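Me: I am new to this one. Please show it to me, and then I will ask how each label was reached.

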Amino acid sequence: MYNIPGSGSSPQPAPVAEGESVEAVRKARTVAEVMAQSQAGDVLDELDRELVGLAPVKARIRDIAALLVIDRLRMNQGLQAQTPSLHMSFTGNPGTGKTTVALRMAQILHRLGYIRKGHLVAVTRDDLVGQYVGHTAPKTREVLKKAMGGVLFIDEAYYLYRPDNERDYGQEAIEILLQVMENNRDDLVVILAGYGDRMETFFQSNPGMRSRIAHHLEFPDFTEGELLRIAEMMLEQQNYRFAPGARDVFQEYIAHRLRQPQFANARSVRNALDRARLRQASRLFANPDKELTVDDLSTIESPDIRASRVFDLGTASAQKT
Ligand SMILES: Nc1ncnc2c1ncn2[C@@H]1O[C@H](COP(=O)(O)OP(=O)(O)OP(=O)(O)O)[C@@H](O)[C@H]1O
Ligand SMILES: [Mg+2]
């Protein structure tokens, strides 16, 4: 389990100041006022700017934000009482940005005043389900307690349900979750994440869970062009860049890697760049007397990528990347 604090951590914009701006949001009468005063607009713009591709996901998030802003304006005019259900499912292949988007979602929900804290608690089955009789309920409740006021992100949520074992303790965790998702929906947003087909099977066996999920977001695989752009953004964030030829070699790398086992979209790109940096370091290290310029230190050259095993197509080592 890991716990990511609310919008306070560094590359993220400052959290909404309690007091003044919360008060201003409550007085707002226009969409622009809510967006500006809550700073939710900033998070949406950042999402557009900093995340490559994901057009359908971004569109759904804007829809959800629109719903929340209008709800806020309705509330400000005394129109409604019930909190909308905000539980979600994020489905897609590994490395398609589910965890990253969940973090942004937590910020948006916090800024619009739907959750108190805006932190995200990420868990898997093992964090919720115990090994012995009586262990599951306290474990699940402990996690829920930590997540209150924020987002509970359950990765590979379908592992909670094991149809082959009627007495599996996962069922107990599911039942507690269902209860809390219903009763505490003004203070906790649950996001179930995982592969689309497995999630569908899970929902078929757990209609109670499906009925509590209001928003289903599907994360598409990235195209080769998007993966290349993601690579360039990742390098830039770390003050590295491709030498002119290296960009083309990386493009080739992507085309190969995509067709090999255990491909994990943006995560594979990140891993490939980590290895390229290792090779760059070894290359520079091999010349101990050379004076190294900023350029030398920040440039990934073609051989740093070309040395990857991904290029040894057809050999058994191909999948080692
Ligand atoms: N659209 C994007 N643009 C730029 N970088 C991205 C994008 N999506 C993901 N990343 C980066 O790719 C990496 C993997 O993303 P993330 O962990 O969110 O994927 P995931 O879908 O949760 O993967 P998994 O299923 O493996 O948990 C992270 O380093 C993230 O910063
Ligand atoms: Mg993830």
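Reply: Start with a label: helix 11 and helix 13 are oblique to each other. Bear in mind that this is a predicted model.

Me: Why are helix 11 and helix 13 called oblique?

Reply: Set the angle against the cut-offs. Helix 11 (residues 224–237) and helix 13 (residues 265–285) pack at about 45 degrees. Roughly parallel needs an angle under 35 degrees, and roughly perpendicular needs 65 to 115. The pair therefore counts as oblique. Their axes are 10 Å apart, and the crossing is right-handed.

Me: Which residues of helix 11 and helix 13 meet?

Reply: Helix 11 brings L227, I230, A231, M234 and L235. Helix 13 brings A266, V269, R270 and L273. By class, that contact has eight nonpolar, no polar and one charged residues.

Me: Which residues make the contact between helix 3 and helix 5?

Reply: On helix 3, A40, V43, L44 and L47 take part. On helix 5, the partners are R104, Q107, I108 and R111. The contact divides into five nonpolar, one polar and two charged residues.

Me: What does E226 touch, leaving out residues up to four places away in sequence?

Reply: E226 touches V52 and G53. In sequence, E226 and V52 are 174 residues apart. In space, their C-alpha atoms are 6.3 Å apart.

Me: Which residues are closest to ligand 1, and how many surround it?

Reply: The shell around ligand 1 has 17 residues. The closest are G97, K98, T99, T100 and A266. By class, the shell has eight nonpolar, six polar and three charged residues.

Me: Which helices each supply at least two residues of that shell around ligand 1?

Reply: Helix 5, helix 11 and helix 13 each do. A266 of helix 13 also meets helix 11.

Note on methods:
Residues are numbered from 1 along each chain as its sequence is written. Chains are lettered from A and ligands numbered from 1 in the order in which they are written. This is a predicted model: local features need pLDDT of at least 70, side-chain atom pairs count only at pLDDT 80 or more; totals for chains, interfaces and linings use all residues. Two residues are in contact if their C-beta atoms, placed from the backbone, lie within 7 Å. Helices (H or I, at least four residues) and strands (E, at least two) are DSSP runs, numbered from the N terminus. Ala, Val, Leu, Ile, Met, Phe, Trp, Tyr, Cys and Pro count as nonpolar, Asp, Glu, Lys and Arg as charged, and the others, Gly among them, as polar. Axes are lines fitted to C-alpha atoms, for helices over the stretch in contact, and angles run from 0 to 180 degrees between N-to-C directions. Angles under 35 degrees count as roughly parallel, over 145 as roughly antiparallel, 65 to 115 as roughly perpendicular and the rest as oblique. A crossing is left-handed if the near helix is turned anticlockwise from the far one by less than a right angle, and right-handed if clockwise. A residue is near a molecule or strand if its C-beta atom, placed from the backbone, lies within 6 Å of it.
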